[in-house]
Structure formats: C-alpha cells, structure tokens
Amino acid sequence: RMAAPPAHTAPGSRQQVQGGERRAQPATGESPARETRAPFRFDYERFRRSLRHPVRGRRAGEDPETRARRMKIKEMMKFAWDNYRQYALGKNELRPLTRNGHIGNMFGGLRGATVVDALDTLYIMELEEEFQEAKKWVEESFDLNVNGEASLFEVNIRYVGGLLAAYYLTGEEVFRRKALELGEKLLPAFNTPTGIPRGLRFRLWFPCTEGSLFSPCSGMSWSWGWASAGSSILAEFGTLHLEFLHLSQLSGNPVMNIRKVLNRVEKPQGLYPNFLSPVTGNWVQHHVSIGGLGDSFYEYLIKSWLMSDRKDSEAKRMYDDALEAIEKHLVKKSAGGLTYIAEWRGGILDHKMGHLACFSGGMIALGAEQAAEERKQHYLSLAAEITSTCHESYTRSDTKLGPEAFRFDAGSEAMATRLSERYYILRPEVVESYMYLWRLTHDPKYRQWGWEVVKALEKHCRVEAGFSGIRDVYTTTPTHDNMQQSFFLAETLKYLYLLFSEDDVLSLHDWVFNTEAHPLPVNHTDSK
C-alpha cells in the first residue's frame, strides 16, 4: 500500500550483505550426515472444516437492488480482466489507452502481477472461466527463475499474498508450491545485523537451493536510495508478518520475528517513526505517518492478533499502545468539524492526510470490535468520523473521486491544495473503510457512498480497453494516466463487491485481509 518510490536510486547506495552461513564440512571430506524427518504435509481438508462460513456465503435473503449493484461490480471486474488478458497477459499491468502491457521495476523480473493479484477476486466473484485462465497462466507461464531488483514489500503483499489466498480458497497445490518457492527467494533481504530487512530493495537470485524454506540463500539487499540514511521503512518491514506466518504454517518451518527489535527501541511520544536503521535497530529520523511509509505496519498489528484467533497478545498490546499515541498526538479536528490524522515531523504537525491513510477508518473499526466495552463505542465513532472525512475528500471534487492527498490549512479542508496531489490512481483505501464500517454497523450510508464511487469510476475511469487513473480529480474532463493498476482488481473491486455482499462472503470471523486485500485465514485453534 505504500506510495511508489522515486524512479531512481542514488549512486553508491547498494550495500552487499553476506548470505546465510553454510554448515561446516567434516575435515575428512566425507559428506555430512543428513537430518531425516518425515515430509511436512499441511492438512487442507481439516483447515476447510475449521471455517465457520462457506467462502462465498449462502446468498440468502438479499434485496434485488443490492444484488444488481453487486452484479455491476462483477461486470467491471470481468471488463478489467478481459482487457488485461487480451492486451497485456503476462505483463504486470495493462496500459488501457495504448492497449499494451507495462512491466515496471518493482518486481525483480517477476511477471503477471495482475494475474496473481486478480486470482482470489475472480474466484470470489464466481468468474469461473476467467479464474481458470489465470490459474493456467500461473501453472504454465509464471516463471520464478529470474534475476532482478525487487521491492520485498510489493512482492510479498501482491505475489506471496495472492498465491497464499488462492491456495486457501481453492486447495490447488500449484498456488501453495509457488508461494513457498517465492518465499524462499525473499530470504536474503533479511540478512542484516538486526534481522530487519534492508530498505527493502533486494536482488532475486536463481537458483536458490541451499536447504529448505527459511534457510537463507546467498544474495544482496540494499536500501532505496531515497530512504533516509540507508534506513528501512516501517510500512515495508512491518508488513510481512501475516504472509510469512502462513508460509511457516504451510512449510512446517519457523518464521522470523521482527517485533523484538521494535519492542526494545524507544518510541518518541509512543509513536513509531517511519525510518529505522537495519544495522543498529534505532530510528533514523522522527517522521510519523499513518499514510504512506507507515500505514500497514499498524494494520498488521491488529490483524496479527485477529489471525491468531486472538492469542497474539503482543500484537494486540502494541496496537493498543500505538493507537493511544496516535489519538493523543495526531488525531485533530478541523475548523469545519472534520476529524483527520495529521503527520508528525519531529514534533511539528503537518495538517495533511493522504488517500493511503484512509484505510485507518476501517482498521480502527475492526479494532473497536475487540476493545473493552467502555472504549468500543469511542473507537467506532472515531472510525466513522475519519471515514466521513475521507468521503468528504471525494464529494468535494468535481469527479467525486478523491485526490492522492488533502489538506487542512489556508482555509482549505479535505481538498488537495497542490497540483502534485490532485491525481487518483484507482486506489482502494476509502472503499476499504466503507466495507468494514458497513459490516460492523450496517449503516446504509456506507453502501450509498460505495455506489457513488462505482458511478464515478464508470464515468471518469472506464475507457474503451479497461480502467485508467486520472491526473486531476477537480476537472470533469480529466486526463487519463494510461495505467490499470493491479491493485484495482485485487482491492478496489473486491472491497466494492464485498460491500454489496452478505456478511458471510469472506466472513471476518474466518478471514483477515492482507494490505493488498488478499484473504488469509484465521487460525481457529478451537476447531474440532
């Protein structure tokens, strides 16, 4: 979910990290004795029996208008997929205006980001033929034998998350196998003195054959050139736990734990700054944001607790403490009565809120359900107020779509005041919060707000060969950016579809969504 980094990395920013140590060989030259154990086998059928609800729900008793709106969103998904398949299959994303594919430089030579991101959405929407097309591409064309520089964060949330979700939803072995193989290739990024992955640009190496999953192969990792002083980014290294825990469960091997470093280091005012040194484990600078650079770290704390069937008390404590500090220092109310979350730069507040931060309404609502009774309504109200502010950022634009960032200064409220912040790239965070608030309150306004987004997408973002972002939300004749982001299929359309579905479709009792909206199952420890 983090905002895209600048296109160029500063010269000389690479820092080579030695790979994991090889086991010492006997002096005689004899082959070392090999440990033997029975192959680990994940019991998929037992997992499916542990679910409280059918994955696709029961579709009981819904009204015709809600169904018609859901079917419209399904049609949008089919349109987006069909055009990607026709013009860009195997590339990472579709360029709908020029009708060709885009590869980009985030995925280290990996291809098919839209395929993997779309798998679970196609399945949930019962687009069976399209799902089989995507599955066939993964089986026959998804090549992990690549070398290239990748973002650990993006590869993890899109590819690993998408493959894991597809496996848990379908039981198809190809998705489990690809997820574990890719997980193995990510491990060199963790070869730092603290175990905190370095800034999170690393080289995917092939082949990777030293041992089994979580026995690191050799490789290099280095910081993004624009990241402060070779530091690691909170939203990146803090957004790994859900996926790596499931890789651990599917492989039978232990998972890394980044939290011990974060527990040790002192937090200024109880807040988590966005940049941490992977060498010393100390903060590099005191910039705090619930939007880009910080966002999904907080999301993964509450979701780690929920995914553990409420057993991971460490994650819950860290979330509660962080939310208390955020509310004390960052939550503000504008002169016009809008509640927002400011950014914090060494004690000085920047009164802006990014579109990326609009996920926080849904996160706070999700956490409110688990809060002590006297705090539950308080947090639900806070979540509703923040979500309402994000809705205002949409309604105050000419297109009824929200800008990349909006401010509360110089007499302006919930509007972008800089030309560089007026664009919309099909982002999901606002409709994500609508979905959570709908499920937790059933207030009909959230469905109405979601339908307004559907109409705006159709009017301003739908083009002849797919969907495109727009460069200025404040004009009714916007210029398109010629990019159908993979997260539009993974997140935006999925959250809209779930907003108009019954609560038992991907029930929150059974599933948590990673930060790319890929559903990962709750570990029901009391299942028979």
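**A buried disulfide, a helix pair and selected loop residues**

Cys390 is buried, at a relative accessible area of 1%. The model in which this residue is described is predicted. Cys390 forms a disulfide with Cys358, and the two sulfur atoms stand 2.1 Å apart. The disulfide count comes to one. The torsion about the S-S bond of Cys358 and Cys390 is about -95°, so the disulfide is left-handed. Cys358 lies in the loop between strand S14 (352-354) and helix H12 (360-368), whereas Cys390 lies in helix H13 (residues 373-395), so the pair ties together parts that are 32 residues apart in sequence. Cys358 has a relative accessibility of 1%, under the 20% cut-off, and therefore counts as buried. A further cysteine, Cys461, is buried with a relative accessible area of 0%.

The protein as a whole comprises 16 helices and 20 strands. Of its 528 residues, 61% are buried. Contacts between residues at least 6 apart in sequence were also classed by separation. Among these contacts, 72% join residues at least 24 apart.

The C-alpha atom of Glu45 is separated by 8.5 Å from that of Gly171. Along the chain, Glu45 and Gly171 are 126 residues apart. Is Glu45 buried or exposed? Its relative accessibility is 51%, and the threshold for exposed is over 50%, so Glu45 counts as exposed.

Helices H14 (residues 429-441) and H16 (residues 486-499) form a crossing pair. Their axes come within 9 Å and cross at roughly 25°. This angle is under 35 degrees, so H14 is roughly parallel to H16. The crossing of H14 and H16 is left-handed. On the H14 side, the contacting residues are Val431, Glu432, Tyr434, Met435, Trp438 and Arg439. On the H16 side, they meet Thr492, Tyr495, Leu496, Leu498 and Leu499.

Leu506 lies between H16 and strand S19 (511-513). Its phi is about 50°, although Leu506 is not a glycine. Ala517 lies in the loop between S19 and strand S20 (519-521). Ala517 is not a glycine either, yet its phi is positive, at about 65°. The relative accessible area of Ala517 is 0%, so Ala517 too is buried.

Another loop residue, Ser308, makes a contact through its side chain. Ser308 lies between helix H10 (295-307) and helix H11 (313-329). A polar atom of the Ser308 side chain is 2.8 Å from the backbone nitrogen of Asp312. Why does Ser308 count as buried? Its relative accessibility is 14%, and buried means under 20%, so Ser308 falls in the buried class.

Conventions
Residues numbered from 1 in each chain as written. Predicted model: local features only at pLDDT ≥ 70, side-chain atom pairs only at ≥ 80, totals over all residues. Heavy atoms only, no water. Helix = DSSP H or I, 4+ residues; strand = E, 2+ residues; numbered from the N terminus. Buried < 20%, exposed > 50% of the residue type's maximum accessible area, 1.4 Å probe, protein only. Polar contact = N/O pair within 3.5 Å; in protein donor to acceptor, adjacent residues only side chain to side chain. Disulfide = S-S within 2.5 Å. Axes fitted to C-alpha atoms, helices over the stretch in contact; angles between N-to-C directions. Parallel < 35°, antiparallel > 145°, perpendicular 65-115°, else oblique. Left-handed = near helix turned anticlockwise from the far one by under 90°. Contact = heavy atoms within 4.5 Å.
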